[in-house]
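Hi there,

Here is the structure I promised to pass on to you.

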Amino acid sequence: MNRSTKSRLTIKQLSWFPGNTLFEKIARCVCRAGTLPGKELFEAWEVARRVRRKFRGGRVVDLACGHGLLAHIMLLLDDTSPEAIAIDRHLPENAYRLSAELMTYWPRLRQRIAYVEADIETVAFASTDVIMSVHACGALTDTVLEKAVEAGARVAVLPCCHDLERCDTGGLEGWLDGPTAVDVTRAARLRAWGYQVMTRRIPEAITPKNRLLMGRPEYG
């Protein structure tokens, strides 16, 4: 199975996920909804698993959410989170179809996930939130980190599309390639802001942009 495929999963791929694990149940819902590329399923699952090992509870905030799958998976992995909000400047028209399919299988998700079409800069966050973004392009990842720090909230980002003209490389280009320099500088900046920093990777077979940066306030 090509986990990096950008082709949509549909009912034709149901047979790829025959088992009874949580992941396979989620995958079958994604197939029945027919709205999501396979790559996004695997990305959301791998990020959510790693984040939930570190961050439990709290409202989940999925920024630049796309179809909002990450928000749903986060609640399925930890039912102590009361709710999730999926925010994007332009929500896909079929995002609600995916959500409805997941809620049909897991009715406990109903009334706990909200979609909001808005700019990140206009949203208010709380210190108890878990603020997340998978592949917020370029400097948008920096905005996510800054908003989380302003709120004193836990944060997790999987950066992509590093804009070397707008993103801070920390002067490290002589040692590191540009995108790595940007992410190392992000981690250092997060630590300087008083955060405990944790770094992980999701499988490169899914995406080469696989560096996961997590942080939580050192005291709080």
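Q111 is exposed, with 80% relative accessible area. This residue sits in the loop between α4 and β3, and its phi is positive, about 65°, although Q111 is not a glycine. Please keep in mind while reading that this is a predicted model.

A64 is another residue to look at for its backbone. Its phi is near 50°, again a positive value in a residue other than glycine. A64 belongs to the loop between β1 (60–63) and α3, and at 25% relative accessibility it counts as partly exposed.

Two other loop residues are worth a visit. T35 lies in the loop between α1 and α2 and is buried, with a relative accessible area of 2%. Its C-alpha atom is 6.5 Å from that of N94, although T35 and N94 are 59 residues apart along the chain. If you leave aside the neighbours within four places in sequence, T35 is in contact with R8, L9, V30, H67, N94, R97 and L98.

S81 is in the loop between α3 and β2 (84–88), and its relative accessible area is 0%, so S81 is buried.

Now to the helices. How many of the nine residues of helix α3 are buried? Eight of the nine residues in α3 (residues 69–77) are, so this helix is largely enclosed by the rest of the structure. The buried ones are L69, L70, A71, H72, I73, M74, L75 and L76.

Two packed helices are described by the angle between their axes and the distance between the axes. Here α5 and α6 pack at an angle of about 10°, and their axes are 11 Å apart. Angles under 35 degrees count as roughly parallel, and α5 and α6 are therefore roughly parallel to each other. On the α5 side the contact is made by T141, D142, L145 and V149, which meet R186, R189 and L190 in α6. Sorted by class, the contact of α5 with α6 has three nonpolar, one polar and three charged residues.

Next come the aromatic rings. The count is six aromatic pairs. One of them is F23 with W45, a tilted pair with 5.4 Å from centre to centre and 50° between the planes. F23 lies in helix α1 (residues 22–33) and W45 in helix α2 (residues 38–52), so the pair ties together parts that are 22 residues apart in sequence. Both F23 and W45 are buried.

Y96 and Y115 also form a pair: their ring centres are 4.8 Å apart and their planes are at 55°, so this pair is tilted. Since Y96 lies in helix α4 (residues 95–105) and Y115 in strand β3 (residues 113–117), the pair ties together parts that are 19 residues apart in sequence. Is Y96 buried or partly exposed? At 47% relative accessibility, Y96 counts as partly exposed, whereas Y115, at 13%, counts as buried. Besides these pairs, W16, F17, F23, F42 and W45 form one aromatic cluster, with F23 and W45 being the tilted pair described above.

Finally, the cysteines. How many disulfides does the model have? The count comes to zero. A disulfide needs two cysteine sulfur atoms within 2.5 Å. The closest cysteine sulfur to that of C31 is in C29, 9.3 Å away, which is too far for a bond. C31 is buried, with a relative accessible area of 1%. C167 is in no disulfide either, as the nearest cysteine sulfur, that of C161, is 10 Å away. C167 is also buried, with a relative accessible area of 5%.

That is what I have for now. Happy browsing!

Best wishes

Definitions and conventions:
Residues numbered from 1 in each chain as written. Predicted model: local features only at pLDDT ≥ 70, side-chain atom pairs only at ≥ 80, totals over all residues. Heavy atoms only, no water. Axes fitted to C-alpha atoms, helices over the stretch in contact; angles between N-to-C directions. Helix = DSSP H or I, 4+ residues; strand = E, 2+ residues; numbered from the N terminus. Parallel < 35°, antiparallel > 145°, perpendicular 65-115°, else oblique. Contact = heavy atoms within 4.5 Å. Nonpolar A, V, L, I, M, F, W, Y, C, P; charged D, E, K, R; others polar. Buried < 20%, exposed > 50% of the residue type's maximum accessible area, 1.4 Å probe, protein only. Phe/Tyr/Trp six-rings, centres within 6.5 Å; stacked < 30°, edge-to-face > 60°.
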